[in-house]
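Hello,

Here is the structure I promised to pass on to you. Please open it alongside this note, and then read on for what turned up in it.

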Amino acid sequence: MSVRELVVLGTASQVPTRHRNHNGYLLRWDGEGILFDPGEGTQRQMLRAGVAAHDLNRICVTHFHGDHSLGLAGVIQRINLDRVPHEITAHYPRSGQRFFDRLRYATAYRETVGITEAPVAADGPAARTGGYTLEARKLSHPVESYGYRIVEPDGRRMLPARLAAHGIKGPDVGRIQREGELGGVGLADVSETRRGQRFAFVMDTRLCDGVYALAEGCDMLVIESTFLDEDEELAVEHGHLTAGQAARVARDAGVRHLVLTHFSQRYTEPDEFERQARAAGYEGELTVAHDLLRVPVPKRR
């Protein structure tokens with residue numbers, strides 16, 4: 001049975017707090033695990049959340065500020081210690097190759113697992129699999145930063161009433177799906193397009209074209225909201241978003257489930273992030289993330 005859910009490992013920006021670990025997010029996507037932005041302490045948070053190194057297939061780093069990448073060293077060494085039996089691919093900005101190298105080889109350890117380095121240098125597909133395409137888009141931050149987006153190919157949804165009207169049942173349903181035609185009846189006559197699911201991960205950035213491109217039509221958008229709206233000037237200065245800005249992006253992009261995260265230590269009331277997001281006009285599902293939270297990706301439409 002396929003599982004698609006977000007496991008939140010940490011939600012703090014810049015520095016951890018008593019209640020928030022540095023960033024870390026695992027997306028379970030059917031049989032794969034994609035780890036986004038492993039900040040300091042991610043390995044321990046994985047243990048607390050019941051996430052094993054064996055669950056990982058990809059690591060996606062948006063940029064090389066410490067709260068998004070200092071956990072790489074521990075995670076990579078744990079992957080090797082546990083002798084994960086499959087290859088793992090790492091995506092990160094090519095401009096930060098020297099930082100990736102330093103983190104990958106921060107201390108002495110025995111390498112037992114192949115980690116494929118797949119640096120990102122431009123907008124577009126970063127990887128293609130049979131089940132999804134991983135896309136990257138450049139964001140606006142003081143250091144080069146990319147957001148990531150997973151796009152599942154469109155499929156077909158069989159329509160029982162139309163199948164019955166054409167007398168198609170039993171094994172013939174599978175046959176028309178495979179062959180596209182049966183006795184003069186085309187697949188389009190008994191089915192409709194089922195849009196593939198879309199997930200986006202947007203961290204440190206000002207508003208820019210990349211933010212909107214990543215969010216467009218997503219079933220789930222995980223996005224930073226470092227500041228509240230009254231501190232918008234600080235957000236722009238430091239290359240971040242406010243709760244209201246993030247919510248307006250989600251509203252305009254038709255996002256079904258918005259997950260706000262990456263909160264400044266200056267705020268202690270998470271309810272205010274939700275209030276400002278609603279005031280901005282977002283009416284879909286809304287989650288203000290906290291550590292060790294699990295959030296299911298919305299079911300297909």
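The side chains of His68 and Asp204 make a polar contact at 3.0 Å. Please keep in mind that this is a predicted model. His68 belongs to helix α2, which spans residues 66-69. Is His68 buried or exposed? Its relative accessibility is 0%, and because buried means under 20%, His68 counts as buried.

Now to the nonpolar cores. In general, nonpolar side chains in soluble globular proteins tend to be buried together. Here, the largest nonpolar core has 31 residues. Leu221, Ile223, Val255, Leu258, Leu260 and Phe273 have the most contacts inside it. Two or more residues each come from β14 (198-202), α7, β15, α9, β16, α10 and β17, and α9 gives the largest share, six residues. Another core, of 26 residues, lies apart from the largest one and includes Phe36, Val120, Ala127 and Ala136.

Helix α9 deserves a look of its own. Eight of its eleven residues are buried, so it is mostly covered. Among the buried ones are Gln245, Val249 and Ala253. The cover over the buried residues of α9 includes α7 (209-215), β15 (220-224), α8 (232-238), β16 and α10. Just past the end of α9, Gly254 has a positive phi of about 70°.

Then there is α10, residues 271-279, where Phe273, Gln276 and Ala277 are buried. Why do these three sit on the same side of α10? Because they cover an arc of only 100° around the axis. On the face turned away from that buried side you will find the exposed residues Asp271 and Ala279. The buried residues of α10 are covered by elements including α9 (243-253), β16 (257-261) and β17 (285-288). Just after α10, Gly281 takes a positive phi, of about 100°.

Happy browsing, and do write back with any questions.

Best wishes

Methods:
Residues are numbered from 1 along each chain as its sequence is written. This is a predicted model: local features need pLDDT of at least 70, side-chain atom pairs count only at pLDDT 80 or more; totals for chains, interfaces and linings use all residues. Side-chain values use heavy atoms; hydrogens and water are left out. Buried means under 20% relative accessible area, exposed over 50%, partly exposed in between (1.4 Å probe, protein chains only). Helices (H or I, at least four residues) and strands (E, at least two) are DSSP runs, numbered from the N terminus. The arc is that of the directions from the helix axis to the C-beta atoms. Contact means heavy atoms within 4.5 Å. A polar contact is a pair of N or O atoms within 3.5 Å; within protein, one must be able to donate a hydrogen and the other to accept it, and residues adjacent in sequence count only if both atoms are side-chain atoms. A nonpolar core is a set of buried Ala, Val, Leu, Ile, Met, Phe, Trp, Tyr and Cys residues joined through side-chain atoms within 4.5 Å.
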